[in-house]
Amino acid sequence: MTDNNINPKINQSWKEILSSEFQSEYFKNLKEFLVEEKKKFTIYPPGSRIFAAFDYTPFDNIKVVIIGQDPYHGAGQANGLCFSVNDNIKKPPSLVNIFKELNKDLDILIPKNGNLEKWAKQGVLLINATLTVRAHQPGSHQKKGWEQFTNSIIKKISDKKSDLVFLLWGRFAQEKEELIDTSKHFVLKAPHPSPFSANRGFLGCKHFSKTNEILKSKNKKEIDWSL
């Protein structure tokens with residue numbers, strides 16, 4: 001996990017925004033932790049995909065921010081975008097519910113694949129709070145520095161941009177609201193799409209159509225949520 005392995009994987013617009021983070025002491029410690037982890041464990045997503053969210057969605061292109069918690073920890077699942085899985089990988093339950101709501105809200109056919117790269121390329125930043133995880137050990141890389149990094153990102157996005165739509169699904173994501181200037185951004189909240197909470201208000205939240213209504217009202221191109 002050297003500098004050469006990290007920095008080129010982020011779009012140039014992000015490098016400028018985040019240069020101070022990459023040079024900080026906590027990030028140096030985080031890299032050292034990851035180097036040691038990779039010697040002993042399988043880590044997801046692969047190194048080239050850790051910063052995929054930033055590569056697919058340049059800073060200048062952000063319209064919508066969706067905040068997840070951890071990458072998926074099963075083989076072949078995590079691809080660096082929250083809630084997204086690689087092509088031809090079985091859709092996890094939360095993503096199944098996201099697609100159910102998409103179908104209910106916008107009458108979009110439920111996609112066969114769960115790869116959300118198309119959303120990211122349109123300006124939907126799909127960011128997890130923790131960007132890596134040990135195989136089959138959810139939460140194993142929490143409180144190692146990633147949260148400081150991603151909290152800083154959310155704060156910088158809020159400070160430097162305006163009229164973004166933040167989709168905060170579940171308590172964990174909603175705790176990030178304190179980083180967002182709600183006087184100049186839009187925050188839509190719902191329960192998490194996991195099977196444990198989706199029926200308590202995620203299904204029926206209409207966040208996809210509401211997001212597009214907001215974007216349209218600000219003369220921004222709407223998101224094509226179909227995959």
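A residue is called buried when its relative accessible area is under 20%, exposed when that area is over 50%, and partly exposed in between. The model discussed here is a predicted one. With a relative accessible area of 24%, D163 is therefore partly exposed, and its place is in the loop between α7 and β5. The phi angle of D163 is near 60°, a positive value in a residue other than glycine.

A positive phi is also found at N219, where the angle is near 55° and the residue is again not glycine. N219 sits in the segment after α9, the helix of residues 207-217, and because its relative accessibility is 75%, N219 counts as exposed.

| Residue | Relative accessible area | Class |
|---|---|---|
| D163 | 24% | partly exposed |
| N219 | 75% | exposed |
| R49 | 18% | buried |

R49 belongs to the loop between β1 (43-44) and α4, and with a relative accessible area of 18% it is buried. Its side chain reaches the backbone oxygen of N79 at 2.8 Å. When neighbours within four places in sequence are left aside, R49 is in contact with Y56, N79, G80 and E117. The loop between β1 and α4 also holds P45, which is joined to Y44 by a cis peptide bond with an omega of about -10°.

The buried residues in α7 are W146, E147, F149, T150, S152, I153, I154, K156, I157 and S158. These buried residues pack against helices α2 (12-22), α3 (25-40) and α4 (52-56), and also against strands β2 (64-68), β3 (124-128) and β5 (165-169).

How do the axes of α3 and α7 cross? They come within 9 Å and cross at roughly 135°, which means that α3 is oblique to α7. The crossing of these two helices, α3 and α7, is left-handed. Where they meet, Y26, F27, L30 and L34 are the residues from α3, while W146, Q148 and F149 are those from α7.

How values were computed: Residues numbered from 1 in each chain as written. Predicted model: local features only at pLDDT ≥ 70, side-chain atom pairs only at ≥ 80, totals over all residues. Heavy atoms only, no water. Buried < 20%, exposed > 50% of the residue type's maximum accessible area, 1.4 Å probe, protein only. Helix = DSSP H or I, 4+ residues; strand = E, 2+ residues; numbered from the N terminus. Contact = heavy atoms within 4.5 Å. Polar contact = N/O pair within 3.5 Å; in protein donor to acceptor, adjacent residues only side chain to side chain. Axes fitted to C-alpha atoms, helices over the stretch in contact; angles between N-to-C directions. Parallel < 35°, antiparallel > 145°, perpendicular 65-115°, else oblique. Left-handed = near helix turned anticlockwise from the far one by under 90°.
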